Amino acid sequence: MSSTLSPRSALDAEAVKAAYRRWARVYDTVFGGISGYGRKRAVEAVNALPGERVLEVGVGTGLALPSYTPEKRITGIDLSEDMLDRARMRVLQDRLTNVDDLLEMDAEATTFEDDSFDIAVAMFVASVVPHPDRLLAELKRVVRPGGHILFVNHFLATGGLRLTVERGMARASRSLGWHPDFAIESLLPPEDLKRATLTPVPPAGLFTLVTLPQCESKSDAAALVA
């Protein structure tokens with residue numbers, strides 16, 4: 001992969017925790033609006049898919065939790081305990097009985113058994129984790145064959161003024177807690193990029209909804225990378 005497509009600086013877990021400790025109290029106000037379209041589209045896609053067991057990666061303050069249909073059983077994970085505390089308050093206040101658990105956990109190395117979920121959805125997470133390839137591998141492990149993996153994220157522009165701005169913002173990655181210069185090729189290898197459905201999301205296509213179907217069997221998955 002060309003180095004020009006990769007994030008310029010790595011974010012470790014402690015940098016992410018520190019950033020979201022700062023953001024926790026104001027996250028809903030600062031980011032809730034601009035990310036709302038992407039979150040809405042992602043949850044709508046999850047609700048329309050078959051299967052009940054849903055893993056929400058990077059559940060944060062739980063902004064998406066009230067939007068799932070009651071038939072979906074939600075497990076949320078996040079690296080920030082400060083964010084999770086607010087999500088737990090939301091579950092209690094909104095009486096969200098379909099939320100089974102909210103856990104502090106590293107999305108790149110979860111403790112779930114293989115094939116534990118029908119669907120995994122990661123909202124605004126791919127550009128935060130230190131190793132996006134490990135995130136994808138872990139979600140493939142915990143989602144059953146025939147299930148679905150969804151991402152909604154900002155991805156690096158391919159040209160124009162936005163690309164210049166994103167490159168400039170990359171210097172502040174550690175303070176922001178995410179990579180403005182995150183290329184989709186950093187997340188999806190070529191064989192998955194071919195299979196994935198990419199849907200632009202408002203405002204102005206700033207975010208993209210990625211829907212990646214799991215192979216029907218482990219042997220089919222192995223054949224893709226052979």
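The sheet is open and has 7 strands in the order 3-2-1-4-5-7-6, with mixed pairing. Strands here are DSSP runs of E with at least two residues, helices are runs of H or I with at least four residues, and both are numbered from the N terminus. Two strands pair if DSSP finds at least two bridges between them. Strand 3, residues 99–104, and strand 6, residues 197–201, are at the edges with a single partner strand each, so one side of each has no neighbour in the sheet. From one strand to the next, the twist averages 15 degrees. This is a predicted model, in which local features need pLDDT of at least 70 and side-chain atom pairs count only at pLDDT 80 or more, while totals for chains, interfaces and linings use all residues. Residues are numbered from 1 along each chain as its sequence is written, and side-chain values use heavy atoms, with hydrogens and water left out.

Now strand 7. Which strands does it join? As for residues, P200 is opposite T208, V201 is opposite F207, and F151 is opposite V210. The hairpin of strand 6 and strand 7 has 5 residues between the strands, and A204 there has a positive phi near 60 degrees.

Is strand 7 enclosed or open to the outside? Of its 7 residues, 6 are buried, so strand 7 is largely enclosed by the rest of the structure. Helix 3, residues 36–48, lies across strand 1 (53–57), strand 4 (117–123), strand 5 (143–153), strand 6 and strand 7, and runs at about 175 degrees to strand 4. Angles run from 0 to 180 degrees between N-to-C directions, and the axes are lines fitted to C-alpha atoms, for helices over the stretch in contact. Contact means heavy atoms within 4.5 Å.

Helix 5, residues 132–142, lies across strand 1, strand 4, strand 5 and strand 7, at about 145 degrees to strand 5. Its buried residues are P132, L135, L136, E138, L139 and V142. Seen down the axis of helix 5, they fall within an arc of 165 degrees, so they line one face of the helix. The arc is taken from the directions from the helix axis to the C-beta atoms. These buried residues pack against strand 1, strand 4, strand 5, strand 7 and helix 8 (190–195).

Helix 4 is residues 81–94. With 14 residues at 1.5 Å a residue, helix 4 should span 20 Å, and its end C-alpha atoms are 20 Å apart, which agrees. The expected span is 1.5 Å times one less than the number of residues. M83, L84, A87, R90 and V91 are the buried residues of helix 4. They fall within an arc of 110 degrees seen down the axis, so they line one face of helix 4. The face turned away from that buried side carries the exposed residues L92 and Q93. After helix 4 comes R95, with a positive phi near 55 degrees.

Last, the totals. The protein chain has 9 helices and 7 strands, and 47% of its 226 residues count as buried. Of the contacts in the chain with a separation of 6 or more, 73% are between residues 24 or more positions apart.

Note on methods. Buried means under 20% relative accessible area, exposed over 50%, partly exposed in between (1.4 Å probe, protein chains only).
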